[in-house]
Amino acid sequence: MDAEDERTQIDPRANPWAMLSALPLFSGLPKSVVDDAVAELEWTSLPGGRVLFEAGSPADAVYFVISGCLGAFAPDGELVGRITAGESVGEMGLIVARPRAATVRALRDSELAMLSAGTFERVLLGHPEAILRLARLTVERLEDAAGSRERRAMPRTIALLPRHADIDVAALSADLAGALSVFGRVDFVSSLRAGSHSPQWFHELESRNDFVVYVADPADTPWTRLCLRQADVVLLAALATDAPGLWQGFDGQDAAVRRAELLLVHRGPLAAGAAGRWRALLPVTPIHHLRGPQDCPRLARLLTGRAVGLVMSGGGARGFAHLGVVRALREHGVPIDLVGGSSMGGILAAGVAADWSDAELVERFRRCFVDTNPLADFTLPLVSLVAGRKVGRLLRHELGEVDIEDLPLPFFCVSSNLTTGRVAVHQRGPLWRWLRASVAIPGVLPPVFHGGEVYVDGGTMNNLPVDVMRAKGRGPVIGVDVGTDRAFTTDVEATEAPSVWKLFRGGRRRRPNILQILWRSGMVNATAITKERRAQSDLLLTPALESLDLLDWKSFGRAIDIGYRDACEKLAGGALERLRAAYEPPAGG
C-alpha cells in the first residue's frame with residue numbers, strides 16, 4: 001500500500017461548511033446562505049443498490065452526493081443519468097412542485113447530505129443568487145443529457161468477477177488495467193489491499209483515478225458484494241469450456257441496476273458453441289472473447305466508448321473494394337473492434353470478424369467468387385433465377401459451421417424480413433444461414449425461409465446499416481459505401497424484349513441483362529435511406545467504382561486496389577487525425 005493510500009481521510013461531517021461551500025450549488029454564495037444550510041443538514045448512508053426515492057413519490061427533499069454515485073432511472077428501467085460526488089438531485093421536483101420524475105438508486109455505496117423541502121425553500125429560494133445558480137446547473141445538466149443520448153455511459157469503476165478460482169484473475173486484471181491506462185490513470189484493488197476501509201477511502205481512491213478495477217472474489221464474500229456495489233459495470237469472467245452457470249454473489253436481476261458484460265476466457269483456439277451456451281443463460285448480456293492479452297485493448301475501447309466500428313455496404317462485385325479498405329485501415333493503425341454489413345458487405349465483414357489476415361481475406365474470397373461463379377447454378381425460375389445451393393455451400397465451406405456470437409470480434413449482418421416488412425439484424429445463430437439471407441437478391445437468389453418468416457437481401461431496406469452500429473454506442477463508426485453511385489443507364493430505345501436474332505446482331509450496345517435488372521431493382525428503394533446512413537458515419541469512404549459492374553466478379557483485384565487507394569488518400573487527407581481523436585486519448589493526456 002503506498003503512502004497516498006495510507007494518508008488520513010477527511011470526513012466531510014467534521015467540516016460540513018467546507019464541504020457544502022465547495023459544491024457547485026453553493027460555491028460563491030453569501031456565507032450566511034451556506035451557514036443556514038449547514039445548520040439544517042442531515043446525513044445518510046445509502047448502500048449500493050438501495051433506492052433513494054421512487055418515480056411518482058412526493059418531492060420532499062434535495063440531496064447532495066458527498067461520495068459514491070447515484071443513478072436516475074426512467075419508468076421503463078433505463079438508466080438515464082448519473083449523479084456523482086459534488087452534484088445534487090431532487091431540487092427540480094421542489095422548484096416545480098411536482099412528484100419525482102425518475103427513480104433514483106445508489107449505483108454504489110454513497111454518502112449523502114440532505115436538506116428538507118422546507119429548509120430548501122427558506123434558505124435557497126429566498127436568495128436571487130441561489131435561484132440563478134440553480135437555473136444554470138439545471139441547463140448544464142439538460143445539455144449534458146442531450147449530448148450523451150447516443151453514447152454509452154463510460155464506466156469509471158469496473159468489477160471483475162471470476163466464476164471460480166481457476167481463472168487467473170490477477171493476470172486478467174493487470175492486463176485490463178494496462179489497456180485502460182492508455183485512456184487515463186488506473187488503479188486496481190483486491191480484498192487484500194482494501195481491508196476494511198471506509199466509504200470515504202473508496203471515494204478518495206476513485207477521485208484520484210480515471211478508472212478503478214475492483215477484483216472480486218470467486219465466492220459470495222462481503223468483499224465481492226462491495227465490489228458489485230461500487231461498480232459501474234460488472235465483467236463476469238468465465239472459462240469458455242465451462243458449463244454455463246451463475247456467479248456466486250451476483251444476481252442476474254442486478255443487471256437492471258448496472259451494466260454486466262460477459263468475458264469468455266479461452267485457453268487455446270476459440271471454443272465453438274461456447275457463446276451460444278452462455279447466451280441461453282444471459283440472453284441480453286454482451287459477450288467478449290478473450291484469447292489472451294492481445295484482446296484486452298479492444299475490450300478497453302469497447303468499455304470506454306472508444307471502439308471503432310466498421311460498416312460495409314452491399315454492392316455485388318464492387319464489394320471487393322472493402323478488402324482494400326480493411327488493408328488500408330490496418331496499415332494506418334486504425335483498430336477494427338466490431339464490424340457489420342449488408343449483403344456482400346456482410347459476407348466480407350464476417351471474414352474481418354473472424355480475424356483473418358489481409359492475405360487470408362484475399363485468398364478465401366478469391367476462391368469463393370473468382371475461381372468459381374457463385375451464381376452459376378441456374379434453375380427453373382419459379383422463385384428465383386439461381387438455386388442458391390452453390391452460394392450456401394461456398395459460405396459453409398469458407399466460414400465453417402460457426403455461430404455469429406462465436407466470432408472473435410462482435411459482428412452483425414442485416415437482411416430484409418418480407419413477413420414483417422422490417423430490417424432484421426442478425427447477431428446470433430448460424431453465420432452461414434444469415435449471410436445467405438443477407439445476400440438473397442430478390443429474383444436472383446431464393447429467399448431464406450426460417451421460423452415461418454421470409455428473409456431477402458439486406459440491401460433492399462438498409463444497404464449501409466450505420467444506424468445499427470451507432471445504436472450500440474461503443475464509439476466512432478466508419479461507413480464504407482460501394483453500392484449505388486453509378487447511374488443505371490442504357491443506350492437502347494425499346495419498349496419490349498427483342499427477338500433472339502436481334503440480340504445477337506445488337507453489336508456493342510449497353511442492354512442490361514435480367515440479373516442486373518433484378519439486382520438494381522432490389523436496391524433502388526434503399527437509395528434515400530443510404531444517404532441518411534452516410535451522414536451518420538464519423539468517417540465515410542466511397543471508393544470510385546463507377547467503372548465496375550455489380551456482377552463483374554473478375555474485377556476482384558481492381559476493386560481491391562481502388563478501395564485501398566481511396567482509403568489511403570482519405571486517411572492522408574486529415575481523416576485519420578479526426579478519427580484518432582475519437583478512439584485515442586489526446587497527446588499528453
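1. Buried means under 20% relative accessible area, exposed over 50%, and partly exposed in between (1.4 Å probe, protein chains only). This is a predicted model, in which local features need pLDDT of at least 70 and side-chain atom pairs count only at pLDDT 80 or more, while totals for chains, interfaces and linings use all residues. Residues are numbered from 1 along each chain as its sequence is written, and side-chain values use heavy atoms, with hydrogens and water left out.

2. The structure holds 24 salt bridges (a side-chain nitrogen of Lys or Arg within 4 Å of a carboxyl oxygen of Asp or Glu). One of them joins Glu401 and Arg396, at 2.8 Å from N to O. Arg396 is partly exposed at 36% relative accessible area, whereas Glu401 is exposed at 56%.

3. Glu261 pairs with Arg474 in a salt bridge, with the closest N and O atoms 3.1 Å apart. Glu261 lies in strand E11 and Arg474 in the loop between helix H18 and strand E19, so the bridge ties together parts 213 residues apart in sequence (helices, H or I of at least four residues, and strands, E of at least two, are DSSP runs numbered from the N terminus). Both partners are buried: Glu261 at 0% and Arg474 at 7%.

4. Within helix H13, Glu331 and Arg327 sit four residues apart, about one turn of the helix. Their salt bridge has its closest N and O atoms 3.3 Å apart. Glu331 is partly exposed at 47%, as is Arg327 at 30%.

5. A network of salt bridges links Glu360, Glu363, Arg364, Arg367 and Glu398.
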